[in-house]
Amino acid sequence: MAKLNVTIDDSSPLITYQGDWTQNATLSDAYRGTYSYTESQNASATVVFMGNWIAVNGSRNPSHGNYKVTLDGMSYQFNGWASEDTPFTESLFTSPALRDGNHTLIISNDGWTTLDIDSISWSCNLGPHNASNSSLLNVTTDDSAPAFTWLPQGSWNMNPNLTSFSESTGHSTSQVNASVNYTFSGNRDAVSIYGTTGPGNSRYSVSRADQPRKEFTANRSISSSQVLLYFGQNFGPGMNHTVTLVNETPGLLQIDYAVVHTANVSRALSQPSSSQSSPSPTGTPILPADLPPHKGISAGAIAAAGSIAALIFVLLLVAVWLLLRRNKTLWMRLQRGYMVQSQFDVYSPPNGITPLIYSDSSGARARKADGFPANDDESFEAGSPLLDRAVTMQSEFSASTLVADAGSDMTQVNQPHGLKPVPAAASCNEIGDVANKSLAVTATSVEPDALVPFSTSVALTVYTTSAPRGHGVL
């Protein structure tokens, strides 16, 4: 990328004046010997440019007052007063760094004091943005070169021996609609076309294939030569480009020369080789000219990731809630059956003994191998087949028994061989161990041949089981 600085005199048609302005050429310290001033309130000067920085130069003195600069719609207030005259190279406004692109600057007089303009300068970048080692190449084409086409034939005069013109030659016309085409080819970044301004000059238009037509005026109160009539940039590579100037009103249109400004990019950047690139001498890799800028994670991707994380969190909460609800339901279902076990009883139920036997009155009802009903949907309700307990009267018999709540389905009250709830306080009184408050459970066999009551003091270990279906555990 190469930097091009452009400076235009106050007499350039690229400055559009509004209000009462006067051009003066009496001071030698002004740029190219002229400056323009106004003493009218709200008189303004406007310039449209493509670049990244701009400055306005003029002078300050005791007759100057407030003025305003508006850049791309943003206004800045200034005061041009000074106790003594300053040179015309004094800066009236200098912009901060701007983005590369089109900009509009307006400078206007806020009161009835003096405001003068000597020159306006701006800078722009040419060439690829990642080509840091580019240099600026300027190629000048005189009006006598075949790159200029003068139409219609015979409407333009070639004036030799003009000392104020470049190469002492220039073309002039006063015919309305007379035109000139300037054609160039290749990767050209910007073009400047120079001519004259003065009291007898006319309005003219400039057009190119990729932009709309623009109009300017070369009419000024003082004659000036080698003035910038047109500046254009961003011409694409690899094709012919043509800029056309047309004389729009009666008066003079004079063309002197053109300059093509090109960013001289190194061969490694402008013509990438198909072979593998080798490192540059400084160790910095050479990047292709059309390499797109790096882009970070977009805001949409970040928002999507956040939404997914929030959804996962909500799903986890729902899973935990469902698990807790299931555990609560199981706990409530398991409250109806308990197992009372001795602290010395290691195995409950003892190996080889069926803890709970479900049978009908005939004893012919089918049982599952694990001792539970064959039909798991059967329940123990009043009037249903009885629960029997296996005979466990052995010398090493452990004091295990089934205890059921008084209101459960497993309590068969007034049944011949049914289970009865054991009141803990009554058992303690019968044993006479109230002082120690140890819980004694009297387990009475329900079998006719095992009517041997016994009691023992036990420690209680409570296990829950699925009481709603009527299953108990010894």
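**Notes on the predicted model**

1. Residues 24 or more positions apart supply 74% of the contacts in the protein chain that have a separation of 6 or more, a contact being heavy atoms within 4.5 Å. The model is predicted, so local features need pLDDT of at least 70 and side-chain atom pairs count only at pLDDT 80 or more, while totals for chains, interfaces and linings use all residues. Residues are numbered from 1 along each chain as its sequence is written, and side-chain values use heavy atoms, with hydrogens and water left out.

2. The protein chain contains 3 helices and 29 strands; helices (H or I, at least four residues) and strands (E, at least two) are DSSP runs, numbered from the N terminus. Of its 474 residues, 39% count as buried, where buried means under 20% relative accessible area, exposed over 50%, and partly exposed in between (1.4 Å probe, protein chains only).

3. The accessible surface of the protein chain is about 26,400 Å², and carbon and sulfur atoms hold 55% of it. These areas come from the Shrake-Rupley method with a 1.4 Å probe; for residues, only the protein chains shown count as cover.

4. A nonpolar surface patch consists of F313, V314, L317, V318, W321 and L322, with about 600 Å² of accessible area together. L322 belongs to helix α2 (residues 299-333) and counts as partly exposed because its relative accessibility is 46%.

5. An open sheet of 5 strands runs in the order β14-β17-β22-β19-β20, with antiparallel pairing. Since β14 and β20 (211-217) are at the edges with a single partner strand each, one side of each is left without a neighbour in the sheet. Two strands pair if DSSP finds at least two bridges between them; β14 and β17 have 4 bridges in the antiparallel sense, and W150 has V180 in β17 as its bridge partner.

6. The peptide bond joining L151 and P152 is cis, with omega about -15°. P152 is placed in the loop between β14 (148-151) and β15 (157-160).

7. For N177, phi is near 75°; N177 lies in the loop between β16 (169-173) and β17 (179-185) and is exposed at 53% relative accessibility. For Q226, phi is near 50°; Q226 lies in strand β21 (residues 224-233) and is partly exposed at 28%.

Notes:
Patches are made of residues with over 30% relative accessible area and no salt bridge: like charges are joined within 9 Å, nonpolar side chains (Val, Leu, Ile, Met, Phe, Trp, Tyr) within 5 Å. A salt bridge is a side-chain nitrogen of Lys or Arg within 4 Å of a carboxyl oxygen of Asp or Glu.
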